[in-house]
Amino acid sequence: MIPHCQVIPLPDYQASFRIGGQERLRWHFGSHYPRPFFFPFVGPSGDWLTRMGHPGAPDHDHHRSIWFAHAKVLGINFWEDAPAPRIRQKRWLCYQDGAQEASMAVLIGWYDGHDPKELLEQELIAAIRPGADGETSLELQSTFRPAAESLEFGKTNFGFLAVRMAKNLSGDFGGKITNSDGKVGEPAIFAKPARWMDYSGPGTKGDEGITYFDHSSNPGHPVCWHVREDGWMGASVCLNGPVITSKKEPLVLRYLLHAHTGALIMEKAAAAAKEFNSRTRLKVVKSTKKHQQFEIVREKGA
């Protein structure tokens, strides 16, 4: 029997995340892109909740739906589509199917473009789970391991996990941004700390949106947010100062993106945050299963 939740590798350096045979998310990691990204993230209606690029600014084509980047890695800008810095997938470790969850683990290298040596390695684990009424939860865990003994991510509001919403969901076109304190709109929530952020708006079958959760174990939680009415949101881990990652204590960032039906319900989002914060970390281990080198498991709780 085909598992209810699947990750299926596709031609042209892509992987499709599916629930019940229907695609909910796609991963793109071709080397012709400056960095890998997810597109689209499909809502309960079947509409795409994210988009490629800004709806009105051609100089924002580096906004590729859902992606990881940072503007100051040892002073190097990995945020914009500059010709030199590159972030690229080195290899996949595991595609894992299941009845309740499908997950993927990959290794991603960050290079400054002028030196073939890798500055740091990002281990990315992505897992999707189905919810009621066609909703989807996407858990993203990144571990950043530097090539040197330590590495500084500099002070900036650009980084690490970025989300570019579909045009119809953005504040400028009828959508609404709301944070975990119930504050609404860019002036009230820009650069302010919050446990989570929601962007919701009208779709072809009614309201839907994405709630973006910052895990309580992340540095600086509750994080400050870079959010715009034009349909952009990102947790700004380094907005108030640099963050260090090291070989001994690598930086681990955990986020959850919940594609929900209807308008934001504060109580529902608060419950989802509580459940997410209770989860232990994901971990890639050597597999004991036949014909499988690695598998993804959860660390045991305390």
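**Figure 1. S65, a buried loop residue.** At 0% relative accessibility, S65 counts as buried. Buried means under 20% relative accessible area, exposed over 50%, and partly exposed in between (1.4 Å probe, protein chains only). S65 sits in the loop between β4 and β5 (66–70). Strands (E, at least two residues) and helices (H or I, at least four) are DSSP runs, numbered from the N terminus. S65 is not a glycine, yet its phi is positive, about 60°. Most residues other than glycine have a negative phi. This is a predicted model: local features need pLDDT of at least 70, side-chain atom pairs count only at pLDDT 80 or more, and totals for chains, interfaces and linings use all residues. Residues are numbered from 1 along each chain as its sequence is written, and side-chain values use heavy atoms, with hydrogens and water left out.

**Figure 2. Y13, an exposed loop residue.** Look at the loop between β1 (5–10) and β2 (14–19); Y13 has its place there. Phi of Y13 is near 60°, a positive value in a residue other than glycine. Is Y13 buried or exposed? At 53% relative accessibility, Y13 counts as exposed.

**Figure 3. Two cis peptide bonds.** Most peptide bonds are trans. The bond from F39 to P40 is cis, with omega near -5°. P40 belongs to strand β4 (residues 37–41). The bond from G159 to F160 is also cis. Here omega is near 20°. F160 belongs to strand β11 (residues 159–164).

**Figure 4. T156 and its contacts.** T156 is found in the loop between β10 (150–153) and β11. T156 counts as buried, at 10% relative accessibility. Which residues does T156 contact, leaving aside its neighbours within four places in sequence? They are H70, A71, K72, C238 and L239. Contact means heavy atoms within 4.5 Å.

**Figure 5. W225 in strand β15.** W225 lies in strand β15, which covers residues 224–228. Its relative accessibility is 0%, so W225 counts as buried. K192 is 33 residues away from W225 along the chain. The C-alpha atoms of W225 and K192 are separated by 6.0 Å.

**Figure 6. An open sheet of eight strands.** The order is β6-β7-β8-β9-β18-β14-β13-β12, and the pairing is antiparallel. Two strands pair if DSSP finds at least two bridges between them. Which strands stand at the edges? They are β6 (86–96) and β12 (176–179). Each has a single partner strand, so one side of each is left without a neighbour in the sheet. Neighbouring strands of this sheet are turned by 20° against each other on average, direction ignored. Axes are lines fitted to C-alpha atoms, for helices over the stretch in contact, and angles run from 0 to 180 degrees between N-to-C directions.

**Figure 7. The pairing of β8 with β9.** Strand β8 covers residues 120–130. How many bridges join β8 and β9? Eleven bridges link them, in the antiparallel sense. I128 stands opposite L138 in β9.

**Figure 8. Helix α2 and its two sides.** Helix α2 (residues 266–278) has 13 residues. From its first C-alpha to its last, α2 reaches 19 Å, close to the 18 Å expected at 1.5 Å a residue. The expected span is 1.5 Å times one less than the number of residues. The buried residues of α2 are A269, A273 and F276. They cover an arc of only 70° around the axis, which puts them on the same side of α2. The arc is that of the directions from the helix axis to the C-beta atoms. An α-helix has 3.6 residues a turn, so residues three or four places apart point the same way. On the other side of α2, E267, K274 and S278 are exposed.

**Figure 9. Helix α2 against the strands.** α2 lies across β9, β12, β13, β14 and β18. The helix runs at about 35° to β14. Its buried residues pack against β9 (136–146), β13 (196–203), β14 (206–214) and β18 (251–261).

**Figure 10. The whole protein, for context.** The secondary structure comes to two helices and 20 strands. Buried residues make up 54% of the 302 residues. Along its principal axes, the C-alpha trace spans about 50 × 45 × 40 Å.
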